[in-house]
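Please look through the sequence and the 3D structure shown here, and then read the report that follows, which moves from one region to the next.

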Amino acid sequence: MPTARYKSVVDTLAADIRSGKLCAGTRLPTHRQLAADCGIAVVTASRVYAELEAMGLVSSERGRGTFVRDVALPPGHGVDQRPVAPDAVDLNFNYPTLPGQADVLRHALRELAGAGDLDSLLRYQPHGGRERDRAAVATHLLDRGLDVTPDCVALVNGAQHGLTVTSMALLGPGDVVAVDALTYPGFKVLADALHLELASLPATSNGPDLDALTTLCNRRPVRAIYCMPTLHNPLGWVIDSGARRQLIAIARRHGLLVIEDGSYAYLAEDSPPPLAALAPDVTVYVSGLSKNVATGIRVGFVVTSLSRMTVIERTIRATTWNTPAITTAIAAQWLRDGIVTRLETQKRRDAATRQAIARKALAPLDQLAHPSSYFTWVPLPPGARADRIAAALERAGISVSTAEPFSTTTDTPQALRLALGSTAVDTLPGALTTVRRLIERDVHQ
(Lines give C-alpha, C1' and ligand atoms only; values in the text may rest on other atoms or scores of the structure.)
Protein backbone atom coordinates (compact mmCIF):
# COMPACT_ATOMS: atom_id res chain seq x y z
CA MET A 1 0.00 0.00 0.00
CA PRO A 2 1.21 3.57 -0.50
CA THR A 3 3.37 4.92 2.30
CA ALA A 4 0.96 7.84 2.87
CA ARG A 5 -1.95 5.41 3.40
CA TYR A 6 0.03 3.24 5.79
CA LYS A 7 1.24 6.27 7.72
CA SER A 8 -2.26 7.67 7.96
CA VAL A 9 -3.42 4.55 9.84
CA VAL A 10 -0.49 4.88 12.25
CA ASP A 11 -1.08 8.60 12.70
CA THR A 12 -4.83 8.20 13.28
CA LEU A 13 -4.38 5.54 15.94
CA ALA A 14 -1.52 7.49 17.59
CA ALA A 15 -3.67 10.64 17.71
CA ASP A 16 -6.61 8.74 19.23
CA ILE A 17 -4.34 7.29 21.92
CA ARG A 18 -2.66 10.58 22.77
CA SER A 19 -5.98 12.43 22.93
CA GLY A 20 -7.52 9.86 25.22
CA LYS A 21 -10.13 8.75 22.69
CA LEU A 22 -8.55 5.32 23.03
CA CYS A 23 -7.94 5.08 26.75
CA ALA A 24 -5.23 3.13 28.56
CA GLY A 25 -5.88 -0.59 28.68
CA THR A 26 -8.14 -0.66 25.62
CA ARG A 27 -7.75 -3.86 23.64
CA LEU A 28 -7.20 -2.97 19.98
CA PRO A 29 -8.60 -5.03 17.08
CA THR A 30 -6.69 -8.12 16.03
CA HIS A 31 -4.25 -7.71 13.17
CA ARG A 32 -6.73 -9.41 10.84
CA GLN A 33 -9.62 -7.22 12.02
CA LEU A 34 -7.56 -4.02 11.67
CA ALA A 35 -6.64 -5.08 8.14
CA ALA A 36 -10.31 -5.62 7.28
CA ASP A 37 -11.43 -2.35 8.90
CA CYS A 38 -8.77 -0.24 7.15
CA GLY A 39 -8.62 -2.10 3.85
CA ILE A 40 -4.97 -3.05 4.25
CA ALA A 41 -2.99 -6.30 4.18
CA VAL A 42 -2.56 -8.28 7.39
CA VAL A 43 1.21 -7.91 7.13
CA THR A 44 0.73 -4.14 6.95
CA ALA A 45 -1.55 -4.20 9.99
CA SER A 46 1.23 -5.99 11.86
CA ARG A 47 3.61 -3.25 10.73
CA VAL A 48 1.19 -0.58 12.03
CA TYR A 49 1.08 -2.16 15.47
CA ALA A 50 4.87 -2.64 15.49
CA GLU A 51 5.37 1.07 14.81
CA LEU A 52 2.90 2.06 17.53
CA GLU A 53 4.72 -0.23 19.95
CA ALA A 54 8.06 1.33 19.01
CA MET A 55 6.49 4.73 19.77
CA GLY A 56 5.58 3.47 23.25
CA LEU A 57 1.84 3.81 22.61
CA VAL A 58 0.79 0.14 22.70
CA SER A 59 2.02 -3.13 24.12
CA SER A 60 1.50 -6.60 22.65
CA GLU A 61 0.89 -9.70 24.73
CA ARG A 62 1.07 -13.13 23.19
CA GLY A 63 -2.29 -14.85 23.31
CA ARG A 64 -4.10 -11.75 24.59
CA GLY A 65 -3.72 -9.06 21.96
CA THR A 66 -2.53 -5.47 21.62
CA PHE A 67 -3.37 -2.94 24.33
CA VAL A 68 -3.18 0.84 24.59
CA ARG A 69 -0.53 1.98 27.05
CA ASP A 70 -1.04 4.89 29.43
CA VAL A 71 0.84 7.73 27.74
CA ALA A 72 0.88 9.66 31.02
CA LEU A 73 3.61 7.20 32.00
CA PRO A 74 6.99 7.37 30.28
CA PRO A 75 8.10 4.30 28.31
CA GLY A 76 9.79 1.83 30.63
CA HIS A 77 8.02 3.33 33.62
CA GLY A 78 9.75 2.38 36.81
CA VAL A 79 13.22 2.48 38.41
CA ASP A 80 14.18 5.39 36.16
CA GLN A 81 14.33 7.55 39.28
CA ARG A 82 12.16 10.19 37.70
CA PRO A 83 11.58 13.22 39.92
CA VAL A 84 8.96 12.43 42.53
CA ALA A 85 6.78 15.20 43.94
CA PRO A 86 7.79 16.23 47.47
CA ASP A 87 4.52 14.91 48.91
CA ALA A 88 4.52 11.69 46.85
CA VAL A 89 5.23 8.23 48.25
CA ASP A 90 8.15 6.61 46.42
CA LEU A 91 7.61 2.86 46.03
CA ASN A 92 9.61 2.90 42.81
CA PHE A 93 13.25 3.42 43.75
CA ASN A 94 15.11 2.07 46.80
CA TYR A 95 17.39 4.39 48.75
CA PRO A 96 17.17 2.98 52.28
CA THR A 97 18.69 5.10 55.02
CA LEU A 98 18.42 4.91 58.77
CA PRO A 99 17.99 7.69 61.35
CA GLY A 100 21.35 9.09 62.35
CA GLN A 101 23.26 8.26 59.16
CA ALA A 102 23.79 11.93 58.42
CA ASP A 103 25.46 12.29 61.83
CA VAL A 104 27.76 9.38 60.96
CA LEU A 105 28.79 11.22 57.79
CA ARG A 106 29.24 14.49 59.68
CA HIS A 107 31.57 12.75 62.15
CA ALA A 108 33.51 11.10 59.31
CA LEU A 109 34.05 14.44 57.57
CA ARG A 110 35.38 15.99 60.79
CA GLU A 111 37.77 13.07 61.26
CA LEU A 112 38.92 13.30 57.67
CA ALA A 113 39.54 17.03 58.02
CA GLY A 114 41.85 16.35 60.93
CA ALA A 115 43.76 13.56 59.20
CA GLY A 116 47.39 14.06 58.32
CA ASP A 117 47.28 12.76 54.74
CA LEU A 118 44.79 15.18 53.20
CA ASP A 119 47.32 16.20 50.55
CA SER A 120 47.30 12.65 49.17
CA LEU A 121 43.55 12.88 48.57
CA LEU A 122 44.08 15.80 46.19
CA ARG A 123 46.08 13.67 43.77
CA TYR A 124 45.26 10.88 41.34
CA GLN A 125 44.84 7.51 42.99
CA PRO A 126 45.79 4.07 41.65
CA HIS A 127 43.21 2.97 39.09
CA GLY A 128 42.06 0.02 41.17
CA GLY A 129 42.25 1.89 44.46
CA ARG A 130 44.82 2.28 47.22
CA GLU A 131 46.14 -0.94 48.73
CA ARG A 132 44.77 -0.24 52.21
CA ASP A 133 41.32 0.58 50.83
CA ARG A 134 41.25 -2.60 48.76
CA ALA A 135 42.28 -4.48 51.88
CA ALA A 136 39.33 -2.99 53.79
CA VAL A 137 36.95 -4.33 51.13
CA ALA A 138 38.62 -7.74 51.13
CA THR A 139 38.26 -8.01 54.92
CA HIS A 140 34.61 -6.97 54.76
CA LEU A 141 33.87 -9.60 52.11
CA LEU A 142 34.86 -12.35 54.52
CA ASP A 143 31.45 -11.86 56.16
CA ARG A 144 29.85 -12.73 52.80
CA GLY A 145 31.86 -15.92 52.51
CA LEU A 146 34.32 -14.51 50.01
CA ASP A 147 38.00 -14.89 50.93
CA VAL A 148 40.17 -12.86 48.55
CA THR A 149 43.41 -10.93 48.65
CA PRO A 150 43.43 -7.13 48.18
CA ASP A 151 45.05 -7.40 44.76
CA CYS A 152 41.94 -9.26 43.52
CA VAL A 153 39.77 -6.25 44.43
CA ALA A 154 39.30 -3.14 42.28
CA LEU A 155 37.40 -0.08 43.52
CA VAL A 156 34.80 1.47 41.22
CA ASN A 157 32.15 4.20 41.33
CA GLY A 158 29.31 2.02 42.57
CA ALA A 159 28.05 -1.37 41.45
CA GLN A 160 26.62 -0.02 38.18
CA HIS A 161 30.07 1.24 37.22
CA GLY A 162 31.44 -2.14 38.29
CA LEU A 163 29.08 -3.90 35.88
CA THR A 164 30.04 -1.44 33.16
CA VAL A 165 33.78 -1.93 33.70
CA THR A 166 33.38 -5.72 33.76
CA SER A 167 31.32 -5.79 30.58
CA MET A 168 33.56 -3.36 28.71
CA ALA A 169 36.71 -5.21 29.76
CA LEU A 170 35.63 -8.79 29.24
CA LEU A 171 32.81 -8.73 26.67
CA GLY A 172 32.41 -7.33 23.18
CA PRO A 173 29.65 -6.08 20.86
CA GLY A 174 27.42 -8.93 19.73
CA ASP A 175 28.30 -11.24 22.62
CA VAL A 176 25.37 -13.27 23.93
CA VAL A 177 24.74 -12.90 27.66
CA ALA A 178 22.24 -15.13 29.45
CA VAL A 179 20.03 -13.25 31.91
CA ASP A 180 16.93 -13.94 33.97
CA ALA A 181 13.57 -13.31 32.32
CA LEU A 182 13.18 -10.60 34.97
CA THR A 183 16.43 -8.88 35.82
CA TYR A 184 18.03 -5.67 37.08
CA PRO A 185 17.12 -2.85 34.65
CA GLY A 186 20.56 -1.27 34.95
CA PHE A 187 22.10 -4.28 33.23
CA LYS A 188 19.55 -4.04 30.41
CA VAL A 189 20.54 -0.40 29.84
CA LEU A 190 24.21 -1.35 29.93
CA ALA A 191 23.74 -4.21 27.46
CA ASP A 192 21.96 -1.90 25.05
CA ALA A 193 24.75 0.68 25.25
CA LEU A 194 27.46 -1.95 24.68
CA HIS A 195 25.48 -3.84 22.00
CA LEU A 196 25.33 -7.07 23.98
CA GLU A 197 22.60 -9.56 23.09
CA LEU A 198 20.55 -10.67 26.10
CA ALA A 199 19.17 -14.21 26.04
CA SER A 200 16.34 -14.74 28.52
CA LEU A 201 16.17 -17.66 30.96
CA PRO A 202 12.83 -18.73 32.49
CA ALA A 203 12.56 -18.53 36.27
CA THR A 204 11.95 -21.34 38.73
CA SER A 205 11.27 -21.04 42.45
CA ASN A 206 15.01 -21.53 43.03
CA GLY A 207 16.50 -19.20 40.46
CA PRO A 208 17.00 -19.41 36.70
CA ASP A 209 16.06 -22.57 34.83
CA LEU A 210 19.46 -24.23 34.48
CA ASP A 211 18.20 -26.84 32.04
CA ALA A 212 17.16 -23.93 29.82
CA LEU A 213 20.67 -22.47 30.24
CA THR A 214 22.22 -25.74 29.07
CA THR A 215 19.88 -25.84 26.07
CA LEU A 216 20.72 -22.22 25.25
CA CYS A 217 24.47 -22.91 25.43
CA ASN A 218 24.06 -25.90 23.12
CA ARG A 219 22.22 -23.75 20.58
CA ARG A 220 23.99 -20.40 20.84
CA PRO A 221 27.57 -19.16 21.43
CA VAL A 222 26.78 -17.80 24.89
CA ARG A 223 29.68 -15.76 26.27
CA ALA A 224 28.50 -14.97 29.81
CA ILE A 225 25.69 -15.14 32.32
CA TYR A 226 24.62 -12.22 34.51
CA CYS A 227 22.95 -13.35 37.71
CA MET A 228 21.98 -12.37 41.26
CA PRO A 229 22.17 -15.67 43.18
CA THR A 230 21.84 -14.08 46.63
CA LEU A 231 18.66 -12.01 46.89
CA HIS A 232 17.55 -11.54 43.35
CA ASN A 233 16.16 -8.20 42.20
CA PRO A 234 13.17 -8.19 41.71
CA LEU A 235 12.04 -11.73 42.70
CA GLY A 236 13.95 -12.05 45.97
CA TRP A 237 15.19 -15.61 45.57
CA VAL A 238 18.38 -17.04 47.11
CA ILE A 239 19.71 -19.89 44.96
CA ASP A 240 20.53 -22.99 47.03
CA SER A 241 23.94 -24.66 47.16
CA GLY A 242 23.06 -27.47 44.74
CA ALA A 243 21.86 -25.09 42.05
CA ARG A 244 24.96 -22.93 42.51
CA ARG A 245 27.21 -25.92 41.91
CA GLN A 246 25.15 -26.87 38.86
CA LEU A 247 25.43 -23.34 37.46
CA ILE A 248 29.20 -23.36 37.95
CA ALA A 249 29.47 -26.74 36.22
CA ILE A 250 27.54 -25.40 33.22
CA ALA A 251 29.75 -22.31 33.12
CA ARG A 252 32.93 -24.37 33.09
CA ARG A 253 31.57 -26.84 30.53
CA HIS A 254 30.59 -24.10 28.09
CA GLY A 255 33.29 -21.52 28.85
CA LEU A 256 30.92 -18.93 30.34
CA LEU A 257 31.99 -15.87 32.29
CA VAL A 258 29.78 -15.56 35.38
CA ILE A 259 28.99 -11.96 36.35
CA GLU A 260 27.66 -12.16 39.91
CA ASP A 261 25.78 -9.12 41.23
CA GLY A 262 25.85 -9.05 45.04
CA SER A 263 24.29 -5.63 45.61
CA TYR A 264 21.47 -6.92 47.85
CA ALA A 265 23.33 -9.97 49.23
CA TYR A 266 23.86 -8.31 52.61
CA LEU A 267 20.14 -8.62 53.34
CA ALA A 268 20.15 -12.45 53.23
CA GLU A 269 21.73 -13.96 56.33
CA ASP A 270 23.08 -17.51 56.32
CA SER A 271 23.02 -17.74 52.53
CA PRO A 272 25.29 -20.17 50.63
CA PRO A 273 28.75 -18.93 49.61
CA PRO A 274 28.90 -16.60 46.58
CA LEU A 275 29.59 -18.13 43.20
CA ALA A 276 32.88 -16.24 43.26
CA ALA A 277 33.92 -18.24 46.32
CA LEU A 278 33.06 -21.53 44.61
CA ALA A 279 34.59 -20.71 41.24
CA PRO A 280 36.88 -17.65 41.22
CA ASP A 281 38.33 -18.83 37.90
CA VAL A 282 35.10 -18.16 35.99
CA THR A 283 33.40 -15.49 38.13
CA VAL A 284 33.50 -11.72 38.50
CA TYR A 285 31.79 -10.49 41.68
CA VAL A 286 30.34 -6.97 41.66
CA SER A 287 28.80 -5.07 44.56
CA GLY A 288 28.93 -1.72 46.33
CA LEU A 289 27.82 0.44 49.24
CA SER A 290 24.75 2.10 47.71
CA LYS A 291 22.15 -0.15 49.32
CA ASN A 292 23.84 -1.18 52.55
CA VAL A 293 25.14 2.34 53.33
CA ALA A 294 23.66 5.08 51.11
CA THR A 295 23.06 5.69 47.41
CA GLY A 296 25.17 8.85 47.58
CA ILE A 297 28.24 6.82 48.56
CA ARG A 298 29.31 5.92 45.05
CA VAL A 299 31.90 3.33 46.01
CA GLY A 300 31.71 -0.20 44.66
CA PHE A 301 34.07 -3.06 44.00
CA VAL A 302 34.88 -5.67 41.40
CA VAL A 303 36.40 -8.92 42.65
CA THR A 304 38.05 -11.28 40.19
CA SER A 305 41.17 -13.32 39.48
CA LEU A 306 44.56 -11.69 39.06
CA SER A 307 44.57 -12.73 35.40
CA ARG A 308 41.66 -10.35 34.72
CA MET A 309 42.69 -7.50 36.98
CA THR A 310 45.00 -5.78 34.48
CA VAL A 311 42.23 -5.32 31.89
CA ILE A 312 39.75 -4.35 34.64
CA GLU A 313 42.08 -1.62 35.90
CA ARG A 314 42.75 -0.44 32.35
CA THR A 315 38.99 -0.03 31.83
CA ILE A 316 38.64 1.87 35.11
CA ARG A 317 41.31 4.24 33.83
CA ALA A 318 39.45 4.65 30.54
CA THR A 319 36.11 5.40 32.19
CA THR A 320 36.91 7.34 35.37
CA TRP A 321 40.66 7.01 36.14
CA ASN A 322 39.94 6.29 39.82
CA THR A 323 37.18 6.60 42.39
CA PRO A 324 36.92 9.98 44.19
CA ALA A 325 39.62 9.82 46.83
CA ILE A 326 37.67 11.60 49.58
CA THR A 327 34.55 9.44 49.28
CA THR A 328 36.65 6.28 49.07
CA ALA A 329 38.66 7.24 52.14
CA ILE A 330 35.45 7.67 54.17
CA ALA A 331 33.94 4.43 52.87
CA ALA A 332 37.10 2.44 53.61
CA GLN A 333 37.27 3.85 57.14
CA TRP A 334 33.64 2.84 57.73
CA LEU A 335 34.52 -0.66 56.55
CA ARG A 336 37.49 -0.83 58.92
CA ASP A 337 35.54 0.63 61.87
CA GLY A 338 32.67 -1.84 61.49
CA ILE A 339 30.16 0.91 60.70
CA VAL A 340 29.15 -0.77 57.43
CA THR A 341 28.56 -4.08 59.23
CA ARG A 342 26.46 -2.31 61.85
CA LEU A 343 24.38 -0.57 59.19
CA GLU A 344 23.83 -3.86 57.38
CA THR A 345 22.52 -5.49 60.55
CA GLN A 346 20.16 -2.59 61.23
CA LYS A 347 18.91 -2.53 57.64
CA ARG A 348 18.16 -6.25 57.66
CA ARG A 349 15.91 -5.65 60.66
CA ASP A 350 14.37 -2.60 59.02
CA ALA A 351 13.69 -4.51 55.80
CA ALA A 352 12.12 -7.40 57.72
CA THR A 353 9.79 -4.94 59.46
CA ARG A 354 8.77 -3.44 56.13
CA GLN A 355 8.20 -6.87 54.58
CA ALA A 356 5.86 -7.76 57.45
CA ILE A 357 3.92 -4.54 56.79
CA ALA A 358 3.72 -5.37 53.08
CA ARG A 359 2.47 -8.91 53.65
CA LYS A 360 -0.34 -7.61 55.86
CA ALA A 361 -1.31 -4.55 53.80
CA LEU A 362 -1.28 -6.33 50.42
CA ALA A 363 -3.02 -9.55 51.50
CA PRO A 364 -4.62 -11.52 49.93
CA LEU A 365 -2.66 -10.53 46.79
CA ASP A 366 0.17 -12.83 45.73
CA GLN A 367 3.63 -11.59 46.67
CA LEU A 368 7.13 -12.83 45.87
CA ALA A 369 9.75 -11.51 48.28
CA HIS A 370 12.59 -12.50 50.57
CA PRO A 371 11.56 -11.97 54.22
CA SER A 372 14.29 -9.37 54.75
CA SER A 373 14.22 -7.69 51.36
CA TYR A 374 13.55 -4.05 50.55
CA PHE A 375 11.22 -4.90 47.65
CA THR A 376 8.30 -7.16 46.82
CA TRP A 377 7.01 -8.47 43.50
CA VAL A 378 3.22 -8.45 43.06
CA PRO A 379 1.87 -10.55 40.16
CA LEU A 380 -1.47 -9.03 39.22
CA PRO A 381 -4.76 -10.96 39.19
CA PRO A 382 -6.23 -11.92 35.79
CA GLY A 383 -7.71 -8.92 34.03
CA ALA A 384 -5.63 -6.30 35.86
CA ARG A 385 -3.31 -4.05 33.84
CA ALA A 386 -0.07 -2.81 35.35
CA ASP A 387 0.10 0.37 33.26
CA ARG A 388 -3.43 1.42 34.25
CA ILE A 389 -2.74 0.74 37.92
CA ALA A 390 0.60 2.59 37.85
CA ALA A 391 -1.12 5.59 36.28
CA ALA A 392 -3.90 5.55 38.88
CA LEU A 393 -1.34 5.33 41.67
CA GLU A 394 0.60 8.20 40.13
CA ARG A 395 -2.53 10.32 40.32
CA ALA A 396 -2.93 9.25 43.94
CA GLY A 397 0.61 10.43 44.73
CA ILE A 398 2.28 7.00 44.80
CA SER A 399 5.11 6.09 42.42
CA VAL A 400 5.60 2.39 41.55
CA SER A 401 7.34 0.32 38.89
CA THR A 402 5.68 -2.01 36.43
CA ALA A 403 7.38 -5.19 35.20
CA GLU A 404 8.45 -3.59 31.94
CA PRO A 405 11.88 -2.25 33.00
CA PHE A 406 12.81 -5.67 34.44
CA SER A 407 11.54 -7.84 31.61
CA THR A 408 13.90 -9.37 29.03
CA THR A 409 11.15 -11.22 27.14
CA THR A 410 8.65 -10.06 24.55
CA ASP A 411 5.80 -11.07 26.86
CA THR A 412 6.05 -8.70 29.79
CA PRO A 413 4.13 -10.01 32.82
CA GLN A 414 1.39 -7.96 34.41
CA ALA A 415 3.01 -7.21 37.76
CA LEU A 416 4.24 -4.42 40.02
CA ARG A 417 7.58 -4.19 41.77
CA LEU A 418 7.24 -2.23 45.00
CA ALA A 419 10.31 -0.70 46.65
CA LEU A 420 9.79 -0.60 50.41
CA GLY A 421 12.94 1.14 51.59
CA SER A 422 12.44 4.78 50.63
CA THR A 423 9.34 5.93 52.46
CA ALA A 424 8.78 6.35 56.20
CA VAL A 425 7.65 3.22 58.02
CA ASP A 426 4.52 4.92 59.37
CA THR A 427 3.53 5.95 55.82
CA LEU A 428 4.04 2.50 54.32
CA PRO A 429 0.85 0.71 55.51
CA GLY A 430 -1.48 3.35 54.10
CA ALA A 431 0.38 3.56 50.79
CA LEU A 432 0.39 -0.21 50.33
CA THR A 433 -3.28 -0.43 51.23
CA THR A 434 -3.97 2.09 48.46
CA VAL A 435 -1.95 -0.07 46.07
CA ARG A 436 -4.05 -3.10 46.98
CA ARG A 437 -7.33 -1.25 46.61
CA LEU A 438 -6.44 0.14 43.18
CA ILE A 439 -5.37 -3.31 42.01
CA GLU A 440 -8.66 -4.79 43.17
CA ARG A 441 -10.60 -1.97 41.51
CA ASP A 442 -8.74 -2.44 38.23
CA VAL A 443 -9.64 -6.13 38.08
CA HIS A 444 -13.31 -5.19 37.77
CA GLN A 445 -12.89 -2.49 35.12
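## A buried helix and its surroundings

In helix H14, the residues Ala386, Asp387, Arg388, Ile389, Ala390, Ala391, Ala392 and Leu393 are buried, where buried means under 20% relative accessible area, exposed means over 50%, and partly exposed lies in between (1.4 Å probe, protein chains only). Helices (H or I, at least four residues) and strands (E, at least two) are DSSP runs, numbered from the N terminus. Because eight of the 10 residues of H14 (residues 386-395) are buried, this helix is largely enclosed by the rest of the structure. The cover over its buried residues includes strand S2 (65-68), strand S14 (398-399), strand S15 (401-402), strand S16 (415-419) and helix H15 (428-443). After H14 comes Gly397, which has a positive phi, near 85°.

This is a predicted model, in which local features need pLDDT of at least 70 and side-chain atom pairs count only at pLDDT 80 or more, while totals for chains, interfaces and linings use all residues. Residues are numbered from 1 along each chain as its sequence is written, and side-chain values use heavy atoms, with hydrogens and water left out.

## Two helices side by side

Helix H8 (residues 210-219) and helix H9 (residues 241-254) pack with their axes 10 Å apart and at an angle of about 5°; axes are lines fitted to C-alpha atoms, for helices over the stretch in contact, and angles run from 0 to 180 degrees between N-to-C directions. H8 and H9 are therefore roughly parallel to each other, a label given to angles under 35 degrees, whereas those over 145 count as roughly antiparallel, 65 to 115 as roughly perpendicular and the rest as oblique. Among the residues that meet here are Leu210, Leu213 and Cys217 from H8, and Leu247 and Ile250 from H9, with contact meaning heavy atoms within 4.5 Å.

## Aromatic rings and charges

How many aromatic pairs does a search of the whole structure find? The search finds five, where rings of Phe, Tyr and Trp (its six-membered ring) pair if their centres lie within 6.5 Å, and planes under 30 degrees apart count as stacked, over 60 as edge-to-face and the rest as tilted.

## Cysteines

The structure holds zero disulfides, a disulfide being a pair of cysteine sulfur atoms within 2.5 Å. For Cys23, the nearest cysteine sulfur, that of Cys38, is 19 Å away, and Cys23 is partly exposed at 46% relative accessibility. For Cys227, the nearest cysteine sulfur belongs to Cys217 and is 12 Å away, while Cys227 is buried, with a relative accessible area of 2%.
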